[in-house]
Amino acid sequence: MDEVIQVTQWLSSITPRKKAKLFFFTTHADAPTPTVRSNDVDTHEETQLPLATTVALHNFKNIDEFLKKKVNTFSCYNVIENEITKTDYEYLRFYSACKYLDVVPPFLDLEKISAIQNKFEMTDEERDYRLLLDSADLVLEKVCDSLKPAGVPQMWTALRKDRNLIRGVKTIEIIGFFVDPNPTGIKECLFFFIVRHLQMIKKISRVNTNRLERLIAQCDESSACEEGRTIDFIIDSLRCYPTELYPFGSCLILCVFEDRDGAMQEIEKTMEISRHLGMITHTEKNPTKETIELVKKELMKPKYQFYSSFTCWFMSHGDSNSMLLADGETMEREWFLTSFPDISTFQLKPKVFFMVSCLGANKFRLEGAKFKCQSATCDYYGIGSALIRNRMLDITDSVRDISYVQPMMDTLVAYSTIPDHLSGRANTHGSIYVDRACVLMSENISRGRSLTEILEHLSQDLHEILQETMDEDRIVYKQACHYDSFFRKTLKLPYTRHPKEDVHSAPQ
């Protein structure tokens, strides 16, 4: 069948609403980023034109032409073996958007997609189409779905009244002041126009969404929201980091084994919870300085731009300033924590570091006969219930206490202890902090809990547990953990588990 006929038939099978969404998702690569130059504005105006004319004329002719051009470009594209091009990104975005919307053209060349994924050095797990979707755009799609057709024109009216938002932008005038949102798909086109416009003039980004929130807040709630939604609900969704769908992010596990009984247990627990959270995980046992540099270099590869978050577990011995590596060398903790967040592929995305080591030798020592031989440090307790608890410590009430409180309690790198203090371990299970963190995260998957809520619960849980030193003095003490947060949004655990067997790869 002639390709022109195939493309025409494919477009006729797509609803206007899905066409608007497909256009939105596939123009992501053209949306402004922190590195966009001011002379790129004309390009963004051209990208906005199909949306503007669709809203103004109530037909999808220009969007159809845009999608036809995309398909034609891809059909003629010859994949260059080594160099990653802009078309490579666009091809992957287009494929993932079509897959997500269930409108994949039957004539799309999947072998080219595989060839492009090879250039990105993607593993089988990374070839899932959901990795290629931009999570920030998915959040905005859900915001759009939560608004009634009458709500988006209310946003448009508020935007038009703000001269700072319309000055010098030609496509604004194409739509006009008043908009009829009733034809199917017009609401979506107008909302996506507003979003891309605010991005174009650098008023919003994947993290900074205040301007969009203000426009939504000016809507009349009685006419703006779909049933079961409120303005506050919609705005709250924008105040969370976008980590929609699979995978939740990239997880790096660094673990030193020397003089750390239970280190393998720590790796198994953190790997298991990362899988439950839908993360793609990389593990380095006994890391050295050379290992750290190689990992940093790996994370700079282009494929990591598709990830929506980064988590690192670093488990080792340490003191107030540094951590001990496997070759006996030390690494300054501050250097590690400042150099990794600076990796460009994870800019404007949440980054979480679990630093599991001592920060000194001090102990919050408990005095009194009742504490003799009562601690969770020795592994003589029975194993608990099913699922992820199967390999965790069973912390019984007999080794919990709420009467003695660290002075710094109640007062986000997440630290396993407080400055100048020990970080406790169990004989075979490794770090008690890691154990409790993994338990609490596993229990809160699908509950919509934020990470900081879980860390606060972890702080309470860990501080109840009595521990005992392994030296001759056998001192019973308590451990307190803490975190330093510089988050600008709330980071929530995913609502849905994504087991490894649920991953669907593009054909090889």
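Two strands are said to pair if DSSP finds at least two bridges between them. In this predicted model, that rule applies to strand S11 and strand S12, which pair in the antiparallel sense over 3 bridges. Within this pairing, Gln467 stands opposite Tyr477 in S12.

**The sheet of three strands**

S11 and S12 belong to an open sheet of 3 strands, whose order is S7-S12-S11 and whose pairing is antiparallel. At its edges are strand S7 (364-365) and strand S11 (466-468), each of which pairs on one side only. Strands of a sheet pair through backbone hydrogen bonds, either parallel or antiparallel.

**The sheet of six strands**

Another open sheet contains 6 strands in the order S2-S1-S3-S6-S8-S13, and its pairing is mixed. Its edge strands are strand S2 (279-285) and strand S13 (482-484); each pairs on one side only. From one strand to the next, the twist averages 15 degrees. Strand S8 (residues 413-415) pairs with S13 in the antiparallel sense over 3 bridges, and the bridge partner of Tyr415 in S13 is His482.

Which helices pack on this sheet, and which strands do they touch?

| Helix | Strands touched | Angle between directions |
|---|---|---|
| H16 (residues 263-276) | S1 (249-255), S2 and S3 (310-315) | about 165 degrees with S2 |
| H19 (residues 432-444) | S3, S6 (351-356) and S8 | about 150 degrees with S3 |

**A pair of helices**

Helix H4 (residues 61-76) packs with helix H5 (residues 86-101) at an angle of about 120 degrees, and their axes are 11 Å apart.

On the H4 side, the contact involves Leu67, Lys70, Val71 and Phe74, which meet Thr87, Glu90, Tyr91 and Phe94 in H5. The residues of this contact comprise 5 nonpolar, 1 polar and 2 charged.

**Salt bridges**

How many salt bridges does the whole structure hold? A search finds 24.

Technical notes:
Residues are numbered from 1 along each chain as its sequence is written. This is a predicted model: local features need pLDDT of at least 70, side-chain atom pairs count only at pLDDT 80 or more; totals for chains, interfaces and linings use all residues. Side-chain values use heavy atoms; hydrogens and water are left out. Axes are lines fitted to C-alpha atoms, for helices over the stretch in contact, and angles run from 0 to 180 degrees between N-to-C directions. Helices (H or I, at least four residues) and strands (E, at least two) are DSSP runs, numbered from the N terminus. Contact means heavy atoms within 4.5 Å. Ala, Val, Leu, Ile, Met, Phe, Trp, Tyr, Cys and Pro count as nonpolar, Asp, Glu, Lys and Arg as charged, and the others, Gly among them, as polar. A salt bridge is a side-chain nitrogen of Lys or Arg within 4 Å of a carboxyl oxygen of Asp or Glu.
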